[in-house]
Amino acid sequence: MRLTVDELAARAGVTVRTLRFYSGRGLLPPPELGPRRVGWYGPEHLDRLELIEELQRQGLTLAAIERYLAQLPADVGALDLAIHRALVASWTPEHTEEADTAQLARRVGRELSAADLDRLVAMGALHRTDRPEVFRVDPGLLPLGARVLDLPIPLETILATRAVVRLHSEATARELHRLFRETVWKPFREGEPSPAEVDRMRELTGRIEPLLAQALVTAFHRSLAEQLADEAPGPAED
């Protein structure tokens with residue numbers, strides 16, 4: 001992927017002025033300079049922009065975002081940035097916006113066919129409205145959906161993948177809720193706590209959600225890496 005500053009801005013859903021502002025603050029690495037000193041941007045710039053936008057949706061100031069990004073390794077890869085964004089988005093309040101097909105094409109970086117729109121809907125990045133040319137957009141999922149469009153993955157596989165993830169996510173959530181209810185809340189209630197202690201426990205319970213999200217994403221990342229390692233071909237034999 002090689003993008004001009006205008007193309008990068010369109011893909012990220014921000015203005016060129018915003019991009020230059022981010023670059024001036026050191027939030028984005030410099031582009032690769034080509035002939036005539038034209039700056040070319042790549043996937044690492046788009047990944048970092050998506051993380052910045054997610055942090056802003058969470059309510060972080062630019063100074064806080066600078067501190068957050070400064071803690072990341074200089075050679076942080078696309079997968080690590082995607083995990084960071086997923087963890088941030090996991091407790092960001094859900095919200096959607098509407099966009100027509102022309103606006104979506106600018107956001108994705110190419111014209112979208114009917115099949116492309118079907119794939120984005122299947123991934124949950126878009127939701128149909130009563131107007132065929134207008135969609136409700138999940139801003140957290142659209143960047144991921146745009147990347148999947150470039151991969152040779154059939155629509156049936158996308159639908160099956162989403163069903164598998166939803167099935168196991170719901171099962172995991174139910175089991176964690178049962179475990180916490182029986183081993184934490186039940187003994188706590190049996191101790192006849194005061195109303196103030198109950199409020200305090202509810203507050204502490206709310207803090208567990210981001211910790212569980214991080215644990216689940218990390219565990220899934222490692223399990224998937226192990227599965228892919230098992231499928232990788234070994235060295236060629238003589």
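1. Accessible areas come from the Shrake-Rupley method with a 1.4 Å probe, and for residues only the protein chains shown count as cover. On that basis the accessible surface of the protein is about 15500 Å², with 57% of it belonging to carbon and sulfur atoms. Of the 238 residues, 29% count as buried (under 20% relative accessible area; exposed is over 50%, partly exposed in between; 1.4 Å probe, protein chains only).

2. This is a predicted model, in which local features need pLDDT of at least 70 and side-chain atom pairs count only at pLDDT 80 or more, while totals for chains, interfaces and linings use all residues. Residues are numbered from 1 along each chain as its sequence is written, and side-chain values use heavy atoms, with hydrogens and water left out.

3. The protein has 10 helices and five strands (DSSP runs numbered from the N terminus: H or I of at least four residues for helices, E of at least two for strands).

4. Helix H4 (residues 62-70) has Leu62, Ala64, Ile65 and Leu69 as its buried residues. They sit on the same side of H4, because they cover an arc of only 155 degrees around the axis (taken from the directions from the helix axis to the C-beta atoms). The face turned away from that buried side carries the exposed residues Arg67 and Ala70. Helix H2 (16-24) and helix H3 (43-58) are included in what covers the buried residues.

5. Seven salt bridges are present in the structure (a side-chain nitrogen of Lys or Arg within 4 Å of a carboxyl oxygen of Asp or Glu). Arg25 pairs with Glu66, with the closest N and O atoms 2.5 Å apart. Arg25 lies in the loop between H2 and strand E1 (32-33) and Glu66 in helix H4, so this pair ties together parts 41 residues apart in sequence. Arg25 is partly exposed at 35% relative accessibility, as is Glu66 at 25%.

6. Asp118 forms a salt bridge with Arg128, the closest N and O atoms being 2.4 Å apart. Asp118 belongs to helix H7 and Arg128 to strand E4 (residues 126-128), 10 residues apart. Salt bridges that share partners also join Glu175, Arg178, Arg181 and Glu182 into one network.

7. Asp116 is in helix H7 (residues 114-122) and is buried, with a relative accessible area of 11%. Leaving aside residues up to four places away in sequence, Asp116 touches Arg110, Glu111 and Leu149 (contact means heavy atoms within 4.5 Å).
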